[in-house]
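Hi,

Here is the structure I said I would pass on.

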Amino acid sequence: MTPAKHITLAELQLAIRDTLAERFALPVWVSAEIADVKVNSSGHCYLELVDKGANDGANGVPKAQARGVIWRTHYARVAGLFEAESGQQLARGIKILIKVTLNYHELYGLSLQITDIDPSYTLGDMERRKQEAIAQLQKDGVWDMNREVEMPMLVQRIAVISSSKAAGWQDFRNELFKYGYTFVVTLHEAVMQGESAEESIISALEAIATQEEQYDAVVIIRGGGSTSDLNCFNSYRLASHVAQFPLPVLTGIGHDKDVSVADMVAHTMLKTPTAVAVWLNDRMASLETALDNAAIELHDLCTTATHRASMQLERHTTELRMSAQRLLMSLDLKVENLATQLRENCRLALDMEAQRLSHFAQMAESRSPERILKLGFAVARVAGKAITSRSQVTAGDILTIEVADGIITSKITE
């Protein structure tokens, strides 16, 4: 059944338009976050605006959403002033305070025509987020962790996180190899700005962490850019990875005006990629100078030690020569004494032997056959053999008897 009284959709839309036009006849200031931004060929800038609330939305779902537009007649002025004062371009993820007039179209719905942007609001919100990240890192107890990692004396094997297409990467390489020192540089490709930068840099850090024994330090570099390009380096999640990284981290993210949270927690913060390369070369030069000084000191110590040892050797040689001479004199004297004693002992031994031989000669002489024969003894022989028993002879044997003064021959008859 059709209600007796109704209005058409067009009438409803017109009523909404008229009501909004009456209620918001004057411009209003609105805070929102940019979800998307596009500048078309006509010069108009179209934005998707969202309101995530105090807790950044429930599960990432915005509480409110609307379309905004900056007509080309206003865009150059509005965007130019915003970038000049805030140091960043209009980009996804930043919060802005905009002056808008409401426009409601029967076909296209509500849109916000932006005529001005307050840069101080955006800067304040970015600073708030930055301070929140700092406070959380300090609360977690990781604020000083990477600065407490010992920097190796020789920083030669370097893992670099950068974009291979970035001018900062080329500047870093050109400066690093300018002085002839040997560096082993491994590039870990990453997106260094935009929405995917935070996740890309974290992924590179995680990849390096799995091979940490291959590197001495990590370098994070990027070229210059707007303040908004620096947003990813202020994120709590990225800064937490840098703070807790097991190797010392050096940053050169190419921004002179601001210091990011990642800079603050890194082991060593430097302004630009070139400055990082200069720092590495200076460290190598300092080490080379230290080694040269150590070599000179070692040479001096060796020379002194050699001279001291030479003098000690000369003194010991002299002492040894004198000791040898004393020993030889002592041995000569001892040998002379032994020779004298030997000669005396030999003389005594010869005298004793001569006496013994004389005694033996006397004994031999007293027992000689001639002496025995002179005593009246005789030697009987048969066929030249001495006879000691009568059984040795028979009748008819010729018997010779030797006496003191000759030989008697006889024949045995019986």
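**What I found**

Let me start with the open sheet: it has four strands, in the order β12-β11-β13-β14, and the pairing is antiparallel. The edge places go to β12 (385-386) and β14 (406-411); each has a single partner strand, so one side of each is left without a neighbour in the sheet. Bear in mind as you click around that this is a predicted model.

If you want to check the pairing by eye, go to β13 (residues 398-403) and β14, which run antiparallel and are joined by six bridges. A handy landmark there is Thr 400, which stands opposite Thr 409 in β14.

Next, β8, which covers residues 217-221. How many of its five residues are buried? Five of the five, so the strand counts as mostly covered. Both faces are covered: Ala 217, Val 219 and Ile 221 are buried on one side, and Val 218 and Ile 220 are buried on the other.

β8 pairs with β6 (residues 157-162), and the two run parallel with four bridges between them. To find that pairing, look for Ile 158, whose bridge partner in β8 is Ala 217. β8 also pairs with β9 (residues 249-252), again in the parallel sense and over four bridges. Here the residues to look for are Ile 220 and, opposite it in β9, Thr 251.

**Helix α8**

Then there is α8, a helix of 94 residues (273-366). I wanted to know whether the end-to-end distance fits the residue count. At 1.5 Å a residue, α8 should span 140 Å, and its end C-alpha atoms are 129 Å apart, which agrees.

Which residues of α8 are buried? They are Pro 273, Val 276, Ala 277, Leu 280, Asn 281, Met 284 and Leu 287. As for what they pack against, the buried residues of α8 meet β6, α4 (167-176), β8, β9 and β10 (268-270). That brings us back to β8, with its two covered faces, and to its parallel partners β6 and β9.

**Cysteines**

Last, I looked for disulfides, and a search of the whole structure finds zero. Are Cys 45 and Cys 302 buried or partly exposed? Cys 45 is buried, with a relative accessible area of 0%, whereas Cys 302 is partly exposed, with a relative accessible area of 40%. For reference, the cut-off for buried is under 20% relative accessible area.

Cheers

Key: Residues are numbered from 1 along each chain as its sequence is written. This is a predicted model: local features need pLDDT of at least 70, side-chain atom pairs count only at pLDDT 80 or more; totals for chains, interfaces and linings use all residues. Side-chain values use heavy atoms; hydrogens and water are left out. Buried means under 20% relative accessible area, exposed over 50%, partly exposed in between (1.4 Å probe, protein chains only). Two strands pair if DSSP finds at least two bridges between them. The expected span of a helix is 1.5 Å times one less than its number of residues. Contact means heavy atoms within 4.5 Å. A disulfide is a pair of cysteine sulfur atoms within 2.5 Å.
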